[in-house]
Amino acid sequence: MASVQPQTTDTLEPPTNGVNGATTNGTTNGFNRNLSTNSLKKLNSPIPYCGSTNDLPAYARSNSTLSRHSPDSAASVKASGDNLRECTEYVPLHKRIEKRISSGTPFFSLEFFPPKTANGVANFLTRIDRYRDGGPMFLDITWHLGSDPANIEKETSSSSIAAACLAYCRVDTMLHMTCAQYPKEQTLKHLQLAQNLGIRNLLALRGDLPINDSDPSIYPYRALDMIRWVRTHFGNYFTVCASGYPKGHPEAPSYAADIAYLKMKVDAGADFIITQLFFEAETFETFVADCRAAGITVPIIPGIMPIASYDSIRRVAELSKLTIPKHIMDTLESIRHDDEAVTKYGIHLAVEMCRRLLDSGVAPSLHMYTMNREHSCREVLQALGLWQHESIRSLPWLPHGGHHPLRCREDVRPIYWCARPKSYIFRTKDWDEYPNGRWGNSSSPAFNDLQEYYMFYLKGLPNKEAMLQMYSRELNGIEDVCRVFVKFLTQEPNEEGVKISKLPWNEQEFETSAETELIKDQLVWCNENAIFTINSQPSVNSAPSSDPLVGWGKPGGYCYQKAYLEFFISKARAIKLKAVLEQYPQVNYHVINKDASIDWSNSDPTMPIAVTWGVFPGCEIAQPTVVDPLSFRVWKDEAYDAWLNIWAALYPEESKSRKLLQDIHDDFCLVTLVDNDFVKPSVLFEILEQVISDENEAAVTFAASG
Ligand SMILES: Cc1cc2nc3c(=O)[nH]c(=O)nc-3n(C[C@H](O)[C@H](O)[C@H](O)COP(=O)(O)OP(=O)(O)OC[C@H]3O[C@@H](n4cnc5c(N)ncnc54)[C@H](O)[C@@H]3O)c2cc1C
C-alpha cells in the first residue's frame, strides 16, 4: 500500500494419564512438612501456609515447592506456531510459507510502520508482544522516509524497528526497502545493513515519487532493479517479496502491462507477492487468475486493511488512488458519525471478504495492514480462526525458533533473566554464536552495557503517577515494601485500588499461572517476612513434556527441574543463612551484595549448574536453563539497579521513601539457592524458616534501618 502514516497515538488439573517416573513420596512437600506456623515471623497479619498438596500432579506432589512467578511462567508462555524444538537451523521464510501452503494451513502476517517517537518504541514492542501471542508468520515493517529509515542509531528508524522486532519479539521480520530515492550504491549499503542486522526478508519497492517533482526520470530505479541487485550481490541470502496491485498500479500504462511487469519481478527473483489493499473479493480473485494466466506461480498474499474510521479510509484510498465501491461508501456515509459502528462494519466487511478468499483457496494467507492499531485486525483474525492460542513451549524460555540466523541455535540461558528476556537479548546481542556449552566452564561471556537497554526499557515503564499508585506514594518502613511484593503476588488491589502489574524486575505485566497459584502462599510468606523473591521455579521430577504447567520440548519426552529461589535478604540474615546452609550440602548457594564485597558460594566459581533439563525421544539431553556464577555477577548489577533506577527514583531525593530503598539496596544481599536433590521434597523454604525462626519481631527489620 502507499506509505501512509495515519495520525495514530502512539486449578491446577492433575494429569489424567499416569505420570512416569514420579516419586512415590506423595504426601506433602518439604515446606508444608516442616513449616510451623508459630515460627513464621510476620510483619502484618500472618498468613500461615495452608496449601493442600492433594491436587498436585504426581511429579510435583512429592517435591514441588516453588514456582516461577515471572511472566514467562510455564502456563502463561505461548510459543509461536513454528518455534519447534527441532528448529535449530535457519529456515528461509519463503520455504516456511511454501510448507504452510502445501499443508493447507492458512496463516497471517502483520504490517506496522515505525513509531514516531522514541517514547513510543517500548510501547510499540509491548504491543508487538501481544500480537505475537496470536502466532503471526512474520512481522513487516514499512520503509518510512521520515524515520530516517537506514539510520540504525535512531531508535525510530525502519531498520532499528525491524531489528528490534526480530531480536526482541522473536518473530520473523520483513523490512520494506525502497530504491527510487537513492543511488544504486546507497541501496546496496542499505541491503548490507539489513544483512548485518540479521534481517533475511525484504519487500523490495520502488517507493512513491515526490508528487511535485516535474522530472520523474531523475528517479531511474524501480523495484525490478532492486530485486536484480539483491540476487546479484546477495544471492539467496534474502527472501524477497514484491508488491502487487490488484487494480493495477496507478502509473502503469495498463493493467496488463502492470501484470507483465510483476512477472518480470518474479522472474528476477521475487519469492512471493503481497498486494495493495482492495475492497472486494472479486478484485483479488480476478488479479490472481490473471497473474496465473501470465505465468506467475509464486504465492500471492492479499493485503487486508479493515476499515477503522471514515476519515482514515478515505485518506488511504485517496493516497493509494483507489476507489471505494459505492455500496461501501453509502453505508459508511450513513454511519460516519458513529466511530464504533464504522469499526464494526469494517470488521464485518473484512471477515466476510477474507473468509471467501480463504475458503476458496485463492488466498493462502492474509497480510494485515494494522496501521499500528490492535483491535480490528485482531478481531478479524479471531473471527476467522487464524489467531492461535498455542500453549506448547519448545523451551522453558521463549526461543527464536528457525527464523533467526544466529539465535535459532541458542539452546541455553542463565535463569536470572527469565522475567527480563528482552534485557537478556539486548545484553547478548553481539554474541556471534550460540553453541552447545556456551555456559561451559571455560566461557567468560561478555555482556553489553545496561545503559542503552534502559533507554528503551525505562521509557516503556508506566508513567510516574501509575508507578506511584502501584509502588506506594510513600514508604514509611520495610513493611510497606513487603506489601508491594505481596500485593504483586496476590494480585489484590492495594490501598489505592490498583493492582501491581509488575515489579521493577519484570519486563512484562503479571499473568497469573496455575503454577504460581499453587504455591502462592509460600512466596507470600517469604515476602511478608522481608525475603523479597524475584525469581523461582519448582522442582520437577519427570513431568511429561506435554504437561500444561511445566512441560516443554518434543512430544513424548520428560522434563526435570531443580527447585530454585532467588531473593533479596538483609545482610544480617544472609550471614545466618550461610550458617544454616552448612547443614544442607545438597543446596548450592550464591550470596552477593551490591559491590560484591560479599560474594559467598559453595559452587565451582566458573561451573554452571543445570537447573532445567529434558529427555526427549531420539535426542541428546537438553539443558536449557542454568545457574551460572559468571553471569550471576552481571545480573547482580541489573537486579540492584532496579531498586534505585526504577523504584527509588520515583521519590524526591531527600525523602524517607528514597532513603529506605537506598538502604535496602545498600544492605540487602542477592541470594540464589538451588536444591540439587530434585527427587526429594525441596528444603529451600525449610532453610529460610530456620533463618528467621529465632528472630523477634524487631529483628525482622534490617540492620540499616535500625
Ligand atoms: C505491499 C506494499 C507495501 C508498500 N510499502 C511501502 C513502504 O514501506 N514504503 C513506501 O514508501 N512505499 C510503500 N509502498 C508503496 C509503493 O512504494 C508505491 O506504490 C510505489 O508507487 C510503487 O512501488 P513499487 O515497488 O510497487 O513499484 P514498481 O514495482 O517498481 O512499479 C512502479 C510502476 O512502474 C511500472 N513499471 C516499471 N517498469 C515497468 C516496465 N518495464 N514495464 C511496465 N511497467 C513498468 C509499474 O507498472 C508501476 O506502475 C508499498 C506498496 C505495497 C503494495
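Biologist: pLDDT is the predictor's confidence in each residue, from 0 to 100. What pLDDT does the protein average?

Modeller: The average is 83, and 81% of the residues score at least 70. This is a predicted model, in which local features need pLDDT of at least 70 and side-chain atom pairs count only at pLDDT 80 or more, while totals for chains, interfaces and linings use all residues. Residues are numbered from 1 along each chain as its sequence is written.

Biologist: Where is the pLDDT below 50?

Modeller: Residues 2-55 form one such stretch, with 117 contacts in the model beyond near neighbours in sequence. A contact requires two C-beta atoms, placed from the backbone, to lie within 7 Å. Residues 702-706 also stay under 50, with 17 contacts beyond four places in sequence.

Biologist: How many helices and strands are there?

Modeller: The protein has 22 helices and 18 strands. These are DSSP runs (helices H or I, at least four residues; strands E, at least two), numbered from the N terminus.

Biologist: How do helix 11 and helix 12 pack?

Modeller: Helix 11 (residues 326-335) and helix 12 (residues 339-360) have axes 9 Å apart, at an angle of about 155°. Axes are lines fitted to C-alpha atoms, for helices over the stretch in contact, and angles between N-to-C directions run from 0 to 180 degrees. The two helices are therefore roughly antiparallel. Angles over 145 degrees count as roughly antiparallel, under 35 as roughly parallel, 65 to 115 as roughly perpendicular and the rest as oblique.

Biologist: Which residues meet there?

Modeller: I328, T331, L332 and I335 of helix 11 meet A341, V342, Y345 and L349 of helix 12. This contact has seven nonpolar residues, one polar and no charged. Ala, Val, Leu, Ile, Met, Phe, Trp, Tyr, Cys and Pro count as nonpolar, Asp, Glu, Lys and Arg as charged, and the others, Gly among them, as polar.

Biologist: And helix 7 with helix 8: at what angle do they cross?

Modeller: Helix 7 (residues 223-234) and helix 8 (residues 255-268) cross at roughly 10°, their axes coming within 9 Å. That makes helix 7 roughly parallel to helix 8. A223, L224, I227, R228 and R231 of helix 7 make the contact with M264, K265 and A268 of helix 8. By class, five of these residues are nonpolar, none polar and three charged.

Biologist: Turning to helix 13, which residues are buried?

Modeller: In helix 13 (residues 375-383), S376, C377, R378, V380 and L381 are buried. Buried means 20 or more other C-beta atoms within 10 Å of the residue's own, exposed 12 or fewer, and partly exposed in between, with C-beta atoms placed from the backbone.

Biologist: What covers them?

Modeller: The cover includes strand 1 (107-112), helix 12 and strand 8 (365-369). Just after helix 13, G385 takes a positive phi of about 75°.
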